[in-house]
Amino acid sequence: MGQMTLGTVGAIALLLTSSYAAFTASSGNAKTLPENRRFAPIQIEENQVSHQPKQHFNGGGFQVVYGPAGDRGQRFQNALRDARLFESLAEGLNSSNLNVPANIPIILRDCGQVNAFYRPADNSITMCHELTLDTVDLFSQSGGSSREEALEEALFVTIFVFFHELGHALIDVLEIPATGKEEDAVDDFATLLLLETDSEQVEEIVLNAARWFALQAERSEGSEIPYWGEHSLDWQRFYSIVCLVYGKNPSKYAALATKGILPRRRAERCPREYEKKLASWTTLLKPHFTNPNGTWGSPAQPPPGSYPPQNPPPNPRQPTPVPRW
Ligand SMILES: [Zn+2]
């Protein structure tokens with residue numbers, strides 16, 4: 001337990017507090033979102049997934065790229081840019097001990113669909129503004145949240161989704177072996193990475209993500225259940241996250257089990273499940289840290305060749321969305 005000391009991500013979480021304050025202050029325009037927007041099912045475009053070998057660099061890094069957006073998306077993007085939320089996340093990752101052998105652009109844009117995805121062709125992570133804005137609607141319309149609360153919750157969900165996509169990116173560029181469903185593995189990665197930071201706020205981020213899956217499951221009730229999908233079902237993703245939260249700290253989150261949110265038969269296995277998953281991810285990531293202890297903390301010196309990122313950001317005007325979320 002606890003080998004994956006995520007000091008850097010802890011620092012990120014602290015940054016989120018100030019970023020979020022700026023975000024809420026500048027995002028009043030989001031209240032003009034049309035009500036009752038329909039949820040658009042995500043289409044898988046398998047043929048656009050590139051399996052070509054990638055050119056790797058000695059050192060890489062994360063960089064934030066702002067792409068095109070419509071009126072509503074642009075207002076949100078402006079708020080995001082002012083808040084420097086993703087810049088803070090990128091800086092935190094770039095100054096960590098993680099040695100990333102590729103440049104990973106983080107593209108923030110309108111996509112024409114509610115989505116976020118990792119694209120292996122250029123190692124980019126795309127966070128679609130529609131995902132956050134749809135989540136604002138979902139929490140305010142179905143989750144009983146005020147518009148202001150929904151904004152906060154949607155931002156938390158967006159951060160969780162970013163860490164999920166980061167998991168896909170790291171599995172790809174670090175060639176981390178994954179057996180079983182990669183989608184489950186990166187949900188675990190996002191949850192563990194956040195929970196291993198010592199902050200109340202990260203638990204809130206993770207629990208909001210769980211609640212988001214529950215609301216999505218309720219929203220799609222009556223629709224055909226995609227048993228064929230690469231993702232686990234929304235309720236399964238909900239229970240997996242809640243299990244890790246409980247497993248990390250059963251006494252603090254005893255109510256999850258006693259109130260029946262997490263059935264006891266699962267709850268009793270969760271502490272062990274948390275320990276095993278944390279140990280697995282720690283083992284897999286350890287060789288990719290530049291410090292001998294294999295932890296995320298800030299390096300004494302940046303690894304040579306890490307800065308600045310050496311290949312130019314992709315042209316954000318030519319998206320090929322590969323839904324991976
Ligand atoms: Zn995914």
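Of the 325 residues in the chain, 44% are buried. The model is a predicted one. The chain holds 11 helices and 4 strands. Among contacts between residues at least 6 apart in sequence, 74% join residues at least 24 apart.

Strand S2 (residues 104-109) is mostly covered, with 6 of its 6 residues buried. In a regular strand, side chains alternate between the two faces of the sheet. Both faces of S2 are covered. Ile 104, Ile 106 and Leu 108 are buried on one side. Pro 105, Ile 107 and Arg 109 are buried on the other. S2 pairs with strand S1 (residues 62-66) through 5 bridges, and the two run parallel. Here Phe 62 has Ile 104 of S2 as its bridge partner. S2 also pairs with strand S4 (residues 124-128), over 4 bridges and again in the parallel sense. In this pairing, Ile 107 is bridged to Thr 126 of S4.

Helix H5 (residues 147-173) packs against helix H7 (residues 200-219), their axes coming within 8 Å and crossing at roughly 95 degrees. The two helices are therefore roughly perpendicular to each other. H5 contributes Glu 153, Phe 156, Val 157, Ile 159 and Phe 160 to the contact. H7 contributes Glu 204, Ile 205, Val 206, Asn 208, Ala 209 and Trp 212. By type, the contact residues comprise 8 nonpolar, 1 polar and 2 charged.

The buried residues of H7 include Ile 205, Val 206, Asn 208, Ala 209 and Trp 212. Arg 211 of H7 is also buried. At 1.5 Å a residue, the 20 residues of H7 should span 28 Å. The end C-alpha atoms of H7 are 28 Å apart, which agrees.

Technical notes:
Residues are numbered from 1 along each chain as its sequence is written. This is a predicted model: local features need pLDDT of at least 70, side-chain atom pairs count only at pLDDT 80 or more; totals for chains, interfaces and linings use all residues. Axes are lines fitted to C-alpha atoms, for helices over the stretch in contact, and angles run from 0 to 180 degrees between N-to-C directions. Angles under 35 degrees count as roughly parallel, over 145 as roughly antiparallel, 65 to 115 as roughly perpendicular and the rest as oblique. Two residues are in contact if their C-beta atoms, placed from the backbone, lie within 7 Å. Ala, Val, Leu, Ile, Met, Phe, Trp, Tyr, Cys and Pro count as nonpolar, Asp, Glu, Lys and Arg as charged, and the others, Gly among them, as polar. A residue is buried if 20 or more other C-beta atoms lie within 10 Å of its own, exposed if 12 or fewer, and partly exposed in between; C-beta atoms are placed from the backbone. The expected span of a helix is 1.5 Å times one less than its number of residues. Two strands pair if DSSP finds at least two bridges between them.
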